[in-house]
Amino acid sequence: TMNILAVIPARSGSKGVPNKNIKELAGKPLIAYSISAAIKSKLIDRVIVSTDSEKYASISKDYGAEVPFIRPNEYSGDDSTDYDFVKHLLDWLAKNEGYTPDYIIHLRPTTPLRDPSILDNVIEKFMNNGEATSLRSAHEMPETAYKQFELEGKYFKTICTDSFDLDDANNIRQSFPKTYTPNGYVDILRTPHILENHLLHGNRVMGYVTDFTIEFDTVDDFEFLEWQINKNNQIIKKLF
């Protein structure tokens, strides 16, 4: 059988909202939502939190995650990448436990509202796809990226066509492709692909389209999360 490891990265430094990974949402620290969704998944074998903070480690263990190490500072700075912490995790497990998972389910704590049965469904779909190098979740953008602008000097141009003729960008919506925003609901990585190519995602990234999913970066995002939970507390019942 395949060995499936969920990893939840939670570094303590955060520029936008301090300590956002443990901010209390409906009475539970944010990270607990991701831990609980992973534990309640039927297909995930292990749940590890990779953090640079003893405090986060202790909270994570309280909610049932393993924290086999404290992540070193060189993989925890503002400029460290997802690849850095995943590679550190794989190296640590291989060296200290002789263990290498087949798949890594990457769950970002900043996207807390997940349904464990949806996770299982997505993992199954990915495992049945022999050619995908990884999977990422995203939701459709309310307005296609083809209608967005960038500023060059004083003047706007469209992002996708690189044109200053903005009349074209006002064409009816249907004439443009749909575009999607990655949202952290679930990313799935194949360990052999990471170790061979030194890349997380590769060039056959299977798309999983979710409903609109809020990712917590600002105080406004958090207020929206609270509103969502108050409006529908089913997710709390499922997770806790």
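**Figure 1. Aromatic pairs in the predicted model.** This is a predicted model, and its aromatic pairs come to nine. Take Tyr33 and Phe240 to begin with: their ring centres sit 5.1 Å apart and their planes meet at 90 degrees, so we call the pair edge-to-face. Tyr33 belongs to helix α1, while Phe240 is in the segment after α7 (234-239), so this pair ties together parts that are 207 residues apart in sequence.

**Figure 2. A tilted pair, Phe69 with Trp92.** Here the ring centres of Phe69 and Trp92 are 5.1 Å apart and the planes are at 50 degrees, so the pair is tilted. Phe69 comes from the loop between α2 and α3 (82-97) and Trp92 from helix α3 itself, so the contact ties together parts that are 23 residues apart in sequence. Phe69 is buried, with 6% relative accessible area. Trp92, at 22%, counts as partly exposed, because the cut-off for buried is under 20%.

**Figure 3. Helix α1, mostly covered.** Staying with the helix that holds Tyr33, we find that nine of the eleven residues of α1 are buried.

Figure 4. Which residues of α2 (residues 54-62) are buried? They are Tyr56, Ala57, Ile59 and Ser60. Looking down the axis of α2, these buried residues fall within an arc of 165 degrees, so they line one face of the helix. On the face of α2 turned away from the buried side you'll find the exposed residues Glu54, Lys55 and Asp62.

Figure 5. At the start of the helix, a side-chain oxygen of Ser53 comes to within 3.2 Å of the backbone nitrogen of Lys55. Lys55 is also one of the exposed residues on the outward face of α2. At the other end, α2 is followed by Gly64, which has a positive phi, near 100 degrees.

**Figure 6. The six-stranded open sheet.** The strand order is β4-β1-β5-β9-β6-β10, and the pairing is mixed. β4 (46-50) and β10 (205-209) are the edge strands, each pairing on one side only. On average, neighbouring strands of this sheet are turned by 25 degrees against each other, direction ignored. In the antiparallel part of the view, β5 (residues 103-106) pairs with β9 (residues 180-190) over four bridges, and Tyr103 has Arg190 as its bridge partner in β9. Helix α4 (residues 116-127) lies across β1 (4-9), β5, β6 (134-140), β9 and β10, and runs at about 65 degrees to β9.

Figure 7. How many residues of β4 are buried? Five of five, so to speak a mostly covered strand. Arg46, Ile48 and Ser50 are buried on one side and Val47 and Val49 on the other, leaving both faces covered. β1 and β4 run parallel and are joined by five bridges. Val7 has its bridge partner in β4 at Ile48, which also belongs to that buried set.

**Figure 8. Two loop residues with positive phi.** Ala26 sits in the loop between β2 (24-25) and β3, and although Ala26 is not a glycine, its phi is positive, near 50 degrees. With 46% relative accessibility, Ala26 counts as partly exposed. His198 is another non-glycine residue with a positive phi, this time near 55 degrees. The place to look for His198 is the loop between α5 (191-197) and β10.

Definitions and conventions
Residues are numbered from 1 along each chain as its sequence is written. This is a predicted model: local features need pLDDT of at least 70, side-chain atom pairs count only at pLDDT 80 or more; totals for chains, interfaces and linings use all residues. Side-chain values use heavy atoms; hydrogens and water are left out. Two strands pair if DSSP finds at least two bridges between them. Axes are lines fitted to C-alpha atoms, for helices over the stretch in contact, and angles run from 0 to 180 degrees between N-to-C directions. Contact means heavy atoms within 4.5 Å. Buried means under 20% relative accessible area, exposed over 50%, partly exposed in between (1.4 Å probe, protein chains only). The arc is that of the directions from the helix axis to the C-beta atoms. A polar contact is a pair of N or O atoms within 3.5 Å; within protein, one must be able to donate a hydrogen and the other to accept it, and residues adjacent in sequence count only if both atoms are side-chain atoms. Rings of Phe, Tyr and Trp (its six-membered ring) pair if their centres lie within 6.5 Å; planes under 30 degrees apart count as stacked, over 60 as edge-to-face and the rest as tilted.
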